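User: I have a model open and want to go through its packing piece by piece. Start wherever you like.

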Amino acid sequence: MASSIITPANASNLSNFIPCPHTFVATKIRQNRTHDGSFSDNRQRTVVPRVCRLRRNDNTMAVYALVDPIDTNMIASDVCVNMLVEQLSQVSFDNDSYKKKISDGMQQIFYETENRLLQMAFDRAEEKAISSSSRDGTAEKCLPSLDEAQSGAFLCAATVTQSKVYIAYVGTIRMFLISNNNGDLQVSNNRPQYYHTGSLHTIDNEDESLRLKKLNVNLAQVQNEGLDNNHSKYTRCIGKLTEKLLSSAAAANDVNEARCNALVCEPRFEKFNISPQDYALVMMTDKLYQMYLKTGISEDKIPSNFVDLLGKALNSSNPAQRILNEIQEQYQRNNDSTDDESPFQEMGLLIHFFYHAKTSNQSSPFSVRPNTTRILVDGEIAIDEVKNSIIKNNEIQEKRETTRSLSRSHGHIREIQTHNKTVEPFVRFNDYEQLLNEKEELRQADNFITDLLYSQSASAMDEKLTEYLKLHSSLKYD
């Protein structure tokens with residue numbers, strides 16, 4: 001993974017951002033039931049997609065995003081949306097280097113977010129280990145059960161400048177462009193579209209199936225069981241570290257027996273020029289799309305139906321909210337269902353209308369009144385939230401460095417591995433084992449790194465690994 005390409009965040013840059021007046025968002029909260037069957041109004045248990053519609057005051061850049069939480073845990077979703085704004089707010093437009101910074105940053109954010117989640121999980125595990133009277137590997141054992149390790153999210157983000165759109169996403173959030181072709185609104189295949197099965201990160205995507213096949217993944221098994229404990233069919237997400245790194249190793253009690261999970265956070269990234277015909281950018285969560293399908297409208301008709309709904313909603317104060325309500329009402333009529341019974345609870349919709357200065361003063365039946373409301377919808381990110389996130393993370397980093405300095409001379413207790421059961425791997429390690437057996441230098445390096453992991457603090461490990469690589473320069477990979 002490449003190193004970070006954006007300077008460390010500071011809260012002062014966020015003062016340049018305001019809610020975009022040309023963007024409308026709507027969300028729906030999951031109605032969580034308590035143990036007695038009633039609905040909980042505890043805000044800490046609220047599950048809702050996170051949304052972002054922030055634009056710089058000078059209109060040089062805007063950040064739009066939809067984050068869909070996996071399951072009922074919001075930790076990954078919160079980290080996603082905060083880090084997205086935090087990092088992209090650092091981009092400077094002093095010269096043309098901003099183009100590369102946005103391109104690199106849009107991709108790097110996915111890895112940075114997952115790294116932060118991983119560190120949060122280890123921090124929480126260490127806290128539990130310190131508070132526990134037992135010192136027999138408590139931190140390692142509790143990792144898979146932590147909320148920070150179990151949480152996951154799908155992220156779809158778009159950074160829009162005055163001439164380009166940069167997009168990056170993982171998961172199942174749909175996104176499409178609506179064009180205005182001489183007064184005819186349509187979702188044209190001549191423009192980038194990301195709502196077909198081939199655009200989603202699921203096992204049904206042929207490109208994703210090919211990627212898994214190259215990893216020697218048993219596709220038939222994945223089709224039946226999925227890649228996580230809930231038998232889900234998605235293949236990329238942020239978080240879900242329990243599935244990616246932790247639970248399999250803990251169950252096998254030896255990382256060499258653990259399966260190498262094919263879930264990744266590597267995003268799909270693309271950029272394209274804004275066309276004079278581009279009218280609106282739409283993002284919707286998978287649950288909203290699936291509910292759309294249950295209204296009786298065939299999948300190939302959804303784009304044109306959505307355009308029709310949009311045309312009827314343009315005069316409303318929030319077109320996104322009106323469309324979400326209309327789809328939900330259609331679903332309930334067709335399925336004789338109430339809102340409480342619906343399997344489609346948390347949902348999100350974002351609609352950004354492109355602002356073309358040359359035509360902004362011309363009368364048009366597709367003109368949209370600016371969104372001047374400063375009232376945030378449920379799940380919408382606010383500048384103050386990002387500022388608080390930055391301050392909190394800086395405090396955690398300082399505390400972490402202090403702890404590392406104090407524990408530099410103290411190593412972790414190495415847990416004795418016992419093999420009472422095995423895990424059927426998705427990826428066989430035969431080739432890896434053979435490589436280590438054939439390359440003595442690699443085998444020694446593997447043993448050295450393993451010992452470091454169990455005997456050194458993070459800071460000391462980094463120093464010793466650097467020294468080792470200096471002495472064994474042939475191991476370096478360029």
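**Rings and packing**

Analyst: Phe176 is buried, at a relative accessible area of 4%. Buried means under 20% relative accessible area, exposed over 50%, and partly exposed in between, with a 1.4 Å probe and protein chains only. The model is predicted, so local features need pLDDT of at least 70 and side-chain atom pairs count only at pLDDT 80 or more, while totals for chains, interfaces and linings use all residues. Residues are numbered from 1 along each chain as its sequence is written, and side-chain values use heavy atoms, with hydrogens and water left out.

User: How many aromatic pairs does a search of the whole structure find?

Analyst: The search finds 7. Rings of Phe, Tyr and Trp (its six-membered ring) pair if their centres lie within 6.5 Å; planes under 30 degrees apart count as stacked, over 60 as edge-to-face and the rest as tilted. One of the pairs is Tyr169 with Tyr194: the ring centres are 6.0 Å apart and the planes at 65°, so this pair is edge-to-face.

User: Which parts does that pair tie together?

Analyst: Tyr169 is in strand S6 and Tyr194 in strand S9 (residues 193–194), so the pair ties together parts that are 25 residues apart in sequence. Strands (E, at least two residues) and helices (H or I, at least four) are DSSP runs, numbered from the N terminus. Tyr169 is buried at 2% relative accessibility, and Tyr194 is buried at 3%.

User: Back to Phe176. How are the rings of Phe176 and Tyr195 placed?

Analyst: Their centres are 5.7 Å apart and their planes at 75°, so the pair is edge-to-face. Phe176 is in strand S7 (residues 174–181) and Tyr195 in the loop between S9 and helix H5 (206–214), 19 residues apart. Tyr195 is buried too, at 9%.

User: Which rings form a cluster?

Analyst: Phe24, Tyr279 and Phe353 are linked into one by ring pairs.

User: Now the nonpolar cores. Which members of the largest one touch the most others?

Analyst: Cys52 and Ile238, in a core of 42 residues. A nonpolar core is a set of buried Ala, Val, Leu, Ile, Met, Phe, Trp, Tyr and Cys residues joined through side-chain atoms within 4.5 Å. Elements giving two or more residues to this core include strand S3 (50–56), helix H1 (75–88), helix H2 (97–131) and helix H11 (383–406). A second, separate core has 34 residues, among them Ile178, Leu288, Tyr331 and Phe353.

User: How many residues of H1 are buried?

Analyst: H1 is mostly covered, with 12 of its 14 residues buried. Among them are Val79, Cys80, Asn82, Glu86 and Gln87. The end C-alpha atoms of H1 are 20 Å apart, which agrees with the 20 Å that 14 residues should span at 1.5 Å a residue. The expected span is 1.5 Å times one less than the number of residues.

User: And H10, which residues are buried there?

Analyst: Pro319, Ala320, Ile323, Leu324, Ile327, Gln328, Gln330 and Tyr331. They cover an arc of only 165° around the axis, which puts them on the same side of H10. The arc is that of the directions from the helix axis to the C-beta atoms. The cover over these buried residues includes S2, helix H8 (286–293), H9 and strand S13 (347–353).

User: What happens at the start of H10?

Analyst: A side-chain oxygen of Asn318 comes within 3.1 Å of the backbone nitrogen of Ala320. Just after H10, Asp336 has a positive phi of about 50°.

User: You listed H9 in that cover. What does Leu310 touch?

Analyst: Leu310 lies in helix H9 (residues 302–313) and is buried at 0% relative accessibility. Not counting residues up to four places away in sequence, Leu310 touches Ile178, Tyr279, Pro319, Ile323, Ile351 and Phe353. Contact means heavy atoms within 4.5 Å.

User: Last one, Thr27. Where does its side chain reach?

Analyst: The side chain of Thr27 reaches the backbone oxygen of Asp378 at 2.6 Å. Thr27 is in strand S2 (residues 23–28) and is buried at 11%. Beyond four places in sequence, its contacts include Val48, Gln321, Leu324 and Met347.

Conventions: A polar contact is a pair of N or O atoms within 3.5 Å; within protein, one must be able to donate a hydrogen and the other to accept it, and residues adjacent in sequence count only if both atoms are side-chain atoms.
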